[in-house]
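Subject: Structure handover

Hello,

Here is the structure for you to look over. My notes come after it.

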Amino acid sequence: MKTMTFGLWPLAPRQRHNGGMDNATTNRSPRNTIAALVTWLVVSSMAAYIVSEGAEIYASRLVESIVLMLAFLGAMIVSWGQRDRSRFRRRLALGVMLGSALYLGVRVPVDFLPIYTIIWLAIVAGQERLRVAQLCFVGVVVAWYLIEWLVWESSVPLFSVALYATFHYFAMLTSVEARRADEARTDAESLNRELVATQELLAEASRQGERTRIARDLHDLLGHHLTALTINLQVAERVAEGEAKDRIETCHALARDMLGDVRAAVTTLRDESAVNFTQSLRLIVSNIPKLAITLDMDPDLRINDVNVAESLLRCVQEAITNTLRHADASECTVRVWREDGRMHARIDDNGRAPEGFEPGNGLRGMRERVERLNGRLDISRVRDALRIDIQIPLPA
């Protein structure tokens with residue numbers, strides 16, 4: 001029966017809470033990180049003190065206990081640092097955290113050690129799916145019940161474990177909600193960027209349409225009348241004589257110059273009707289959290305066709321969304337260039353694509369959008385990540 005007391009600290013029942021560790025592992029802000037480290041330090045210091053002041057059999061395990069506490073701390077830091085890198089290493093770190101906490105609970109009869117697994121469960125809930133977190137919750141509660149019942153032979157294991165189970169569950173739900181709030185904020189920011197880019201495209205399309213209309217009117221109306229005037233002046237020049245002929249020649253020359261100026265103005269208006277694609281793309285990729293994006297493109301790149309520009313923007317946006325959700329990547333490179341009458345785009349990242357990868361709705365939508373413009377979308381594997389290549393022909 002576990003009824004011993006170390007110094008002034010009774011070992012039963014276990015009723016201390018986790019000190020607000022739920023969000024500390026989900027959002028790695030400086031404040032939450034400091035809170036997590038302080039909580040670990042307080043719990044570990046108290047546990048080490050109780051062990052050192054306890055019975056000789058437990059005092060001899062002080063070094064072992066400190067090693068387990070430090071292993072938990074190191075694995076916790078690694079699990080944070082691997083958030084945007086290797087999923088395997090992150091899960092391995094979580095496994096070390098859980099193993100250290102439970103083995104410490106087996107070796108040392110300190111009643112508030114489940115605080116370690118409350119921290120662990122909060123991290124799990126912040127990084128894994130809810131179903132996985134729920135299974136981990138059940139598993140860790142059962143593990144503590146078995147430790148209480150079989151190792152320390154507690155007379156009321158269900159009572160003490162039930163108390164800590166509520167704290168575990170609260171930490172899990174709080175961490176899940178924090179992650180969902182973070183994802184919702186990220187989605188809102190993405191939608192806002194998409195809205196701004198779409199507004200920019202619409203404004204460009206409106207300006208392009210207005211310039212095209214003015215150029216067409218100048219060419220069809222004013223150009224037509226100037227051409228007719230030039231022909232009539234040419235005919236009049238042939239039949240006129242004397243001073244009248246000289247004046248008609250002067251008017252004929254002015255009309256020709258004016259017609260040339262109109263044609264130059266029409267050409268300039270049509271040439272300036274290109275969409276500023278670079279600005280719209282920068283709006284799409286700006287301020288994306290957890291992903292460093294490198295843009296490789298000509299800063300003066302312009303696309304004459306709004307449909308081509310919109311399709312490229314939507315494809316790049318969808319590719320970045322897939323990278324954030326599925327690739328577990330921290331870096332992404334977007335290269336866009338113009339060559340041989342085609343627009344080219346290539347999206348790479350440093351993530352990992354699962355074996356047997358099958359395109360989902362997002363990639364199928366990208367392919368349909370590109371093929372609608374007689375383009376082509378290719379998906380290839382480079383090292384462990386996917387590469388997306390897009391080619392769209394430009395209208396003549």
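Below is what turned up, from the whole chain down to one side chain.

This is a predicted model: local features need pLDDT of at least 70, side-chain atom pairs count only at pLDDT 80 or more, and totals for chains, interfaces and linings use all residues. Numbering starts from 1 along each chain as its sequence is written, and side-chain values use heavy atoms, with hydrogens and water left out.

The chain first. It has eleven helices and seven strands. These are DSSP runs (helices H or I, at least four residues; strands E, at least two), numbered from the N terminus. Of the 396 residues, 43% are buried, meaning under 20% relative accessible area with a 1.4 Å probe, protein chains only; exposed is over 50% and partly exposed lies in between. Among contacts (heavy atoms within 4.5 Å) with a separation of 6 or more, 72% link residues 24 or more positions apart.

Now the sheet. Five strands make an open sheet, ordered β3-β4-β5-β7-β6, with mixed pairing. Two strands pair if DSSP finds at least two bridges between them. β3 (292–296) and β6 (376–382) each have a single partner strand, so one side of each lacks a neighbour in the sheet. On average, neighbouring strands are turned by 15 degrees against each other, direction ignored. Axes are lines fitted to C-alpha atoms, for helices over the stretch in contact; angles run from 0 to 180 degrees between N-to-C directions.

β5 (residues 342–349) and β7 (residues 385–393) run antiparallel, joined by six bridges. There, M343 faces I392 of β7. β6 and β7 are also antiparallel, over seven bridges. S380 stands opposite R387 in β7. Two residues separate the strands of the β6 and β7 hairpin, where R383 takes a positive phi near 55 degrees.

α9 (residues 277–285) lies across β3 and β4 (331–339), at about 170 degrees to β3.

Last, some side chains. H344 sits in β5. H344 is buried, at 11% relative accessibility. Leaving out residues up to four places away in sequence, H344 touches R335, V336, W337, E339, I390 and Q391.

Two of those partners also meet. The charged end of R335 sits over the ring of W337, 3.9 Å from its centre. The rule: NZ of Lys or CZ of Arg within 6 Å of the ring centre and within 35 degrees of the ring normal.

Best wishes
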